[in-house]
Amino acid sequence: MSEDATATAELKLPKDVAAEKGMVNVQIDGKWIQVPRGTRMIEAAKMAQKEIPHYCYHPKLSSPGNCRMCLVQMGMPPRPAPGEDPKYGEDGYQEIGWMPRPVIACANTVAENMGIRTTGELVEKTREGVMEFLLINHPLDCPICDQAGECKLQEFSVEHGRGQSRFKEDKIKKPKNVDIGKNIRLDDERCIMCSRCIRFMDEVAEEPVLGFSQRGTHTSVTVHPGYRLDNNYSLNTADICPVGALTSNDFRFQMRVWFLKETKSIDLNCGTGCNTVIWTRGNEIFRVTPRQNDEVNSAWMPDSHRLAFHQLQTDDRLTAPLVLKDGKHVETSWLEATAKAAEVLAMRQPNEVAVIASGRLSNEELYLARKIAGALKTELLSLVPRVGESDGKLISADRNPNTTGASLIWESDDPGAKLDAIREGVAAGKIKALLCLGEDLLEEAGFKPTHLKKLDHLVVTHTHANPTAAHAAVVLPGVGFAEKRATYVNVTGRLQRTNQAVIAPGGVRDDWESLACLLAKLDPDYEVPASMDGVIGALGGEIEAFQGQSFGKIGDLGVQITDTGVTIPLLEQERARIASGQIVG
Amino acid sequence: MAIVKVERPKLSAGEKIYFGAILKGMVITLRHAFRSLAGKSTGAETLKSSGIGVTMQYPEQKWDDQMPEYYRGAPALVTDEQDRERCVSCQLCEFICPPKAIKITPGEIPSDDEWAKVEKRPKEFEIDMIRCIYCGMCEEVCPEQAIYLRPDYAITGTNRSEMVHDKKRLYEIGGKRVGLVNKWNELK
């Protein structure tokens, strides 16, 4: 007995073991786990794989604790009497004295030897009560509500509600179908006052136009008089709204969410490369929403970028290769079009040929573009730079999604440097043949129709019919962002991938494939790989940054392959707020 | 289990040539034939005979008035007392439909419409009657009491597109249905 006592005295108590690592011991539903000091109870429960239902809490926003859904039972060791030593049980923990009333798990932090019960009579009764109050004035809009199917109120009312309403009185009437901004529709009756949207606009979008007005049951979310919710990040409020109070005008009544297939992808409208989910049914894209990646876009995305998918689904898509015959474009086979393109490009002297690629091309396509330029023995290979202004949040000043990739693959500090030289060469009539990959030269490249008329031969690849393609001898159709598997490097040097969500109209060939076939015609030694993964393999063999990378290895969140020193402003702001303890992150 | 040996019945010479039995059968058949010509077939009345035998002459004659209340014929959309279309295109029927016969294109009700507060209605509602299996799941799942299986069973067409019932046709079949829950009619 005395031996046992000395043995326990020598062993460290669990609290000391945890304290050395900056952790604390917490008992969650009877199981002890170690969590970092200062963790919120709700996050500790998440680590123990216990779900605590909640509405107002969002890790990226401050925690006001106003929905009361996350109430749990909490207990701490009883405070010892003066002079009394704390008693430790055989397992080294103190006995927990459970509190008779519940506490909110979202805004309270854990402490040493704390107990949390996420189940039990008290917790279940509490949740049932909170759900009953939330549902009192909630309209029976589910059949017409866009949120149905991804609504937390629906989910928790099934899981934790009482199943039937006891409310006999009339429900409060509030404004419905209110136009509060370009992209957002407000339905006040559905609102459960979680204030997520208000906090988002205040803390993340930094344009606090939303707020509560009235009191008691009449409390409603409103936009400040004289203002509108026209911020470029407004659609994120519809994403974080746990109910259907804020819905997207663009997606409104388009399709029920349970029909939609989710494909993880990335956004290609600027250098940031926000991680996205593409929601499709059949071969149609219905919406694009942000996907959390704390190294790229946190949990947000600008409206302008997420609505850009409409440009892909237009009637002017190219669906078959075209060649110019007697002044008219006629449809032809890939074989013939590729052979013709190779023929017209190769018949010129190397200094009479130039290649203009788009910064929207993937790494594989940029790699093949360089190989094609090599096969044509021309030094004139350039991107079309797209420089805008950063919005100080997620939109990068570089509107090309893959400038970093081009710098790495072409081994050039400024891949767009030669564009002016090419344009002048074309204008002076020195360049006779031009290969243009995925660009409309009359748009951002600064070309004029008179320039293009001076060219003997122009070969164009593009997704859409465009004025440049109208001048081309050969037009190869391309596939859009949601229609291919491809890899890109964002402004910070992170290698990310897109997945195929829909099939390109007309069953058009993948871009890498049409370029590889063209390269094979120009360079007889080149062997077209069996799949895109072969191109990534070849790329990894030649460029150090891509060494050992494969489509599978990149994963859904991407990998950092180089450090460009560029930072994403919104992430910097978020990190500062995490450091100051305002948000969990 | 004990084995029971079944003996063949011993037939007499008359029975062995079967002629008597055949004749007997013919007599019974003939008797029924003459009775039916006289319009006296058994059960002719309850089976709604056309006069000869018990056969009902479809499609000149139909058994529509005999059909039970719960008969499951063509699914159709119904309107309420005020001729408001009850369907709000929640697409639950499209989701539940086992043979995927239903296709709905949801749409918004314009703000100048009398029922603008309902916000949503089907822009197009198509039921492919070649696919429909008359299971009645759509009726069961509908939260707005907008789709019912009607007694119409003769759904015919000369090509596939004729067999697809569009919104107009569905309201023609469904008609007006009264006495249902009217949650949109209260002052709102």
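Is B:Y18 buried or exposed? B:Y18 is exposed, because 10 other C-beta atoms lie within 10 Å. The cut-offs run like this: buried takes 20 or more other C-beta atoms within 10 Å, exposed takes 12 or fewer, partly exposed sits in between, and the C-beta atoms are placed from the backbone.

Some ground rules. This is a predicted model, where local features need pLDDT of at least 70 and side-chain atom pairs count only at pLDDT 80 or more, while totals for chains, interfaces and linings use all residues. Residues are numbered from 1 along each chain as its sequence is written, with chains lettered from A and ligands numbered from 1 in the order written.

Back to B:Y18. Its phi is positive, about 60°, although it is not a glycine. You'll find B:Y18 in the loop between α1 (13-16) and α2 of chain B. Helices are DSSP runs of H or I, at least four residues; strands are runs of E, at least two; numbering starts at the N terminus.

B:Y134 also has a positive phi, near 55°, and is not glycine. B:Y134 lies between β3 (120-128) and α4 (137-141) of chain B, in the loop. It counts as partly exposed, with 15 C-beta neighbours inside 10 Å.

Next, a cis peptide bond. It joins B:Y58 and B:P59, with omega about 5°. B:P59 is in the loop between α2 (19-37) and β1 (75-77) of chain B.

Last, the contact between chains. Chain B gives 14 residues and chain A gives ten; contact means C-beta atoms, placed from the backbone, within 7 Å. On the chain B side, strand β2 (residues 102-108) gives the most, with three residues.

Conventions:
Two residues are in contact if their C-beta atoms, placed from the backbone, lie within 7 Å.
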